[in-house]
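Reader: Please show me the model. I want to go through its ligand sites and backbone geometry.

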Amino acid sequence: MKRYTIAVLPGDGIGPEVIAQAVRVLEAVGERFEIRFALDTCPVGAAAVRTSNSPLPPETRRAVTRSHAVLLGAVGDPTLDDAPRELRPETGLLTLRKLLDVYANLRPVAIHAALAGCSPLKPDRLRGVDLLVVRELTGGLYYGEPRGRNGKRAINTLAYTTAEIERIARVAFDAARGRRRLVTSVDKANVLEVSQLWRETVTQVGRAYPDVRLEHCYVDTAAMRLVSDPASLDVVLTENMFGDILSDEAAVLAGSLGLLPSASLGDGAGLFEPVHGSAPPLAGRDVANPVGAIATVALLLRHGLNLPAAADAVDDAIAAALDAGARTPDLARPGDQIIGTKEMGSRVVELVLAEALEGLS
Ligand code: NAD
Ligand code: IPM
Ligand code: MN
C-alpha cells in the first residue's frame, strides 16, 4: 500500500471548515485507491499566533519539512491587522512559501458548464474559457529589500533576477505544451525596469519552445482582456503581485472565488491551498464553498504525489456534484436549493466512493 505524509494546516476563518471537507475527500480517495495518508495537522496564521505567539511555529516548520505535501486552508484575522509584521498571519504564509521555495504558483481557472450562469459575464464571453495563471510566488514586491516604514514614508522594493524569471518562465512554457500552446506574459515593461528584464528573459526562454506561441501584454490591458476576451488566454505568466490580483479577477469567470484551487511548486514538497482567503464574515456558519479546497486536493494528488487517476477521480466527483445541482450560497441563483459547506463535502465524498463502486461492477 502506498503511504504519504501530508501536513495539514487549516489556518484561520473558513480555512478549518473547507479543509475539513478537503480532508474527508482525501480520505475517500485513500479508501478507493488503497493509499494511506498520514495526516499531520498543525497550526498556521492567527491560530498559531494565539497558541505559540508565531504565525509559523517551529513544530509546523518541522512538520512541513518532513511531509510529502502540504495542504493549507487560509490565513488572516482582522484582529491582527495592526500587529507587527512578524506576528501577522500573512507573514506565516509568506515565510512558509519561502521555506519550501515553492516559486511556481499554478492557478487553473476552468468553467464548469453547470455554473455558466454564476458569473456576471455574458455566457458568450465564457465560451471556451480554460486558463492557467502561472504566478511567480517567492520574489517581487512581497519579499524585496529594503522594505519598511518610517513615520510618513514607507517603502517596498520590486526586484527580480534573471534566474528567478527563467525558472518560472520554464514552468509556464512546459505547462503550455500540455494545453493550447500559448503563453501570455504579463508585465509593465512600458514603465518598470524589472518588467523590461522580465520581458527580455521570458523571450529568451521562449526560444527553446518554438512550438509554443509567446505574446507579451501590459498588466492593465491583461486585466481588461481577462473579462472582455478571456477565451483568448491560455497560460498567463506573471510576477507575484500582478498574479495575485489577476487570479482573483479570473475567479469571476468561474463564478466564485470559492471554487479556485492552487498548487505552489518548487523542487521539494509542494504547498496546496485554495486561492481564497479566510473570509472572516463567513467563518463558523457552514456557508463557505469548500470546492476550491477540494479541487486543491486534486492538484495535490496530481502535482504533489503524481497520482493522476486519483486526481481525476476528485475532479470528476466535483463536476458530478455541481452537475447534480449542489450549490453553496455563493453559487446559488433564484430557485436553487442551497446546501452548506459540510453537505457539499458529503456530496463529493459520496461521488468519489460511488465512482469506485462503478469501477467494480
Ligand atoms: P477573501 O478571499 O477571504 O474573501 C473575498 C471575498 O470572497 C469575500 O466576499 C468572501 O466572502 C468571498 N469568499 C472567499 N472564499 C469563499 C468561499 N470559500 N466560499 C464563498 N465565498 C468566499 O479575501 P479578503 O476578504 O480580502 O481577505 C480576508 C483575509 O484573508 C485577510 O486577512 C487576507 O489577508 C486573507 N487572505 C488569505 C489568503 C490565503 O491564505 N491564501 C488569500 C487571500 C486573502
Ligand atoms: C493569496 C493571498 C496571499 C498573497 C496573502 C494572504 C499573503 O492573497 O494567496 O492569493 O497575496 O499571496
Ligand atoms: Mn490573493
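**Ligand sites and side-chain geometry**

Author: Domain 1 (1–103 + 256–361) and domain 2 (120–254) both give residues to the shell around ligand 2, so ligand 2 lies between them. The domain bounds come from an automatic or database domain assignment. This is a predicted model: local features need pLDDT of at least 70, side-chain atom pairs count only at pLDDT 80 or more, and totals for chains, interfaces and linings use all residues. Residues are numbered from 1 along each chain as its sequence is written, chains are lettered from A and ligands numbered from 1 in the order in which they are written, and side-chain values use heavy atoms, with hydrogens and water left out.

Reader: Which residues surround ligand 2?

Author: A residue counts as near a molecule or strand if one of its heavy atoms lies within 4 Å of it. For ligand 2 that shell is Glu90, Leu94, Arg97, Arg107, Arg135, Tyr142 and Asp244.

Reader: Which helix gives the largest share of the shell around ligand 2?

Author: Helices (H or I, at least four residues) and strands (E, at least two) are DSSP runs, numbered from the N terminus. The largest share is 3 residues, and they come from helix H4 (residues 89–100).

Reader: How many residues of the shell around ligand 2 are charged?

Author: Asp, Glu, Lys and Arg count as charged; Ala, Val, Leu, Ile, Met, Phe, Trp, Tyr, Cys and Pro as nonpolar; the others, Gly among them, as polar. The shell around ligand 2 has 2 nonpolar residues and no polar ones, and its charged residues number 5.

Reader: What share of ligand 2 does the protein bury?

Author: Start with the polar contacts (pairs of N or O atoms within 3.5 Å; within protein, one must be able to donate a hydrogen and the other to accept it, and residues adjacent in sequence count only if both atoms are side-chain atoms). Accessible areas use the Shrake-Rupley method with a 1.4 Å probe; for residues, only the protein chains shown count as cover. Alone, ligand 2 exposes 320 Å², and the protein buries 79%.

Reader: And ligand 1: what share does the protein bury?

Author: Among the 20 residues around ligand 1, Val75, Glu90, Gly277, Ala279 and Asn289 come nearest. Backbone N or O atoms of Val75 at 2.9 Å and Ala279 at 2.8 Å each meet an oxygen atom of ligand 1, while a polar backbone atom of Asn289 lies 2.9 Å from a nitrogen atom of ligand 1. Alone, ligand 1 exposes 800 Å², and the protein buries 67%.

Reader: How many residues around ligand 1 are nonpolar?

Author: The shell of ligand 1 has 6 polar and 4 charged residues. Its nonpolar residues number 10.

Reader: How far apart in sequence are the parts that Tyr4 and Phe37 tie together?

Author: The structure holds 3 aromatic pairs (rings of Phe, Tyr and Trp, its six-membered ring, with centres within 6.5 Å; planes under 30 degrees apart are stacked, over 60 edge-to-face, the rest tilted). The centres of Tyr4 and Phe37 are 6.2 Å apart and their planes at 25°, so this pair is stacked. Tyr4 lies in strand S1 (residues 2–11) and Phe37 in strand S2 (residues 35–41), so the parts tied together are apart by 33 residues.

Reader: What angle lies between the planes of Phe173 and Tyr209?

Author: Both residues are buried (under 20% relative accessible area; exposed is over 50%, partly exposed in between, with a 1.4 Å probe and protein chains only), Phe173 at 0% and Tyr209 at 7%. The rings are stacked, 5.0 Å centre to centre, with a plane angle of 20°.

Reader: Which residue makes a side-chain polar contact with Arg225?

Author: Arg225 sits in helix H8 (residues 219–228). At 16% relative accessibility, Arg225 counts as buried. Its side chain has a 3.0 Å polar contact with that of Ser232.

Reader: Where is phi near 55°?

Author: Most residues other than glycine have a negative phi. The positive value belongs to a residue other than glycine, in the loop between helix H1 (15–33) and S2. The residue is Glu34.
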